[in-house]
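Have the sequence and the 3D view ready as you read.

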Amino acid sequence: KNEVLLKEENSILNFISFIENKRVIVDLGCGHGDFLIYNLEKDRESVFVGIEISRKRAYKTSERLAKRNFNNFAIINCSGELALKVCFPSESIDELHILFPDPWLKKDQWKNRILKPSFLVQVLRTLKKGGKIFFVTDIKEYAKDAFYIFNSFNELKNCYNKPIEINLYNEFPTLYYKKMSPLREINYICFEKR
C-alpha cells in the first residue's frame, strides 16, 4: 500500500526519498482516483501523488490503484496545505492539479476555500521552476477569483491565451466532470512558475 500517514515520521521520510529526482504530478483532492488511474495508465515514469482529506476516499483510491499493479504512486490522507508543507521539499512538484475543488459558494464560507494565501505560499515553494498549477471548476465566479489570485503572484505566469479557457476538452477523467459537463461550462486555468 502506498499510503503516507502523517502520524509516522518514517513514512514521510520514505515518501520524500520516493519522489526525489522524479517527475512528480500531484492531484490535490483526488477523490476516487479517476484522474490518477487515467494518467498512470499512460505514464509509468512519473510519480503520481493523490492528496485526499477524506480517509475513506484515500484508502479506496489507494486500493483501486494497487489493484491495477501501479507502483509509481502515493496517496496522502490529509489537507492539501498540510501535505504540501510537511511532505514536499522545495521545488519538488512538476504539476499540481486542483480539479473541481469545493467552491464554498456563500461569502461567509470563502474562508474554507483551498486558495488561501498560506496555501499559495506552499504551492510556490514546492513547484519546480517551469512547474505548472492547473485549476478546473464548473463555477464561473470561482474561476474568476482563482485567476485573479494566481495572477497576483509575480512568480506565476498564465499559460493560456485567455485568462480562463472554457470547455477545453471533450472529455476529462473525473467522475465530477462526467456529471457536470452536460449541465455547465467547465473553466480551465493554468499558471507556470517562472
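A crossing of two helices is called right-handed if the near helix is turned clockwise from the far one by less than a right angle, and left-handed if it is turned anticlockwise. Keep in mind that this model is predicted. Two packed helices are described by the angle between their axes and the distance between the axes.

**Helices H2 and H3**
- H2 (residues 34–42) passes H3 (residues 55–67) in a right-handed crossing.
- Their axes sit 10 Å apart at an angle of about 20°, and H2 and H3 are therefore roughly parallel to each other.
- On the H2 side, Asp 34, Leu 36, Ile 37 and Leu 40 make the contact, and on the H3 side it's Thr 61, Arg 64 and Leu 65.
- Sorted by class, that gives 4 nonpolar, 1 polar and 2 charged residues.

**Helices H4 and H5**
- H4 (residues 80–87) and H5 (residues 117–126) pack at about 40°, with axes 9 Å apart.
- That angle makes H4 oblique to H5.
- This time the crossing is left-handed.
- H4 brings Gly 80, Glu 81, Leu 84 and Lys 85 to the contact, while the H5 residues include Phe 119 and Arg 125.
- The contact of H4 with H5 has 3 nonpolar, 4 polar and 3 charged residues.

**The nonpolar core**
- The largest nonpolar core has 37 residues, and Val 49, Ile 76, Phe 88, Phe 150 and Ile 189 have the most contacts inside it.
- Helix H6 (residues 140–151) supplies the largest share of this core, with 5 residues.
- Leaving aside neighbours within four places in sequence, Ile 189 touches residues including Phe 134, Ala 146, Phe 150 and Tyr 160.

Note on methods. Residues are numbered from 1 along each chain as its sequence is written. This is a predicted model: local features need pLDDT of at least 70, side-chain atom pairs count only at pLDDT 80 or more; totals for chains, interfaces and linings use all residues. Side-chain values use heavy atoms; hydrogens and water are left out. Axes are lines fitted to C-alpha atoms, for helices over the stretch in contact, and angles run from 0 to 180 degrees between N-to-C directions. Helices (H or I, at least four residues) and strands (E, at least two) are DSSP runs, numbered from the N terminus. Angles under 35 degrees count as roughly parallel, over 145 as roughly antiparallel, 65 to 115 as roughly perpendicular and the rest as oblique. Contact means heavy atoms within 4.5 Å. Ala, Val, Leu, Ile, Met, Phe, Trp, Tyr, Cys and Pro count as nonpolar, Asp, Glu, Lys and Arg as charged, and the others, Gly among them, as polar. A nonpolar core is a set of buried Ala, Val, Leu, Ile, Met, Phe, Trp, Tyr and Cys residues joined through side-chain atoms within 4.5 Å. Buried means under 20% relative accessible area, exposed over 50%, partly exposed in between (1.4 Å probe, protein chains only).
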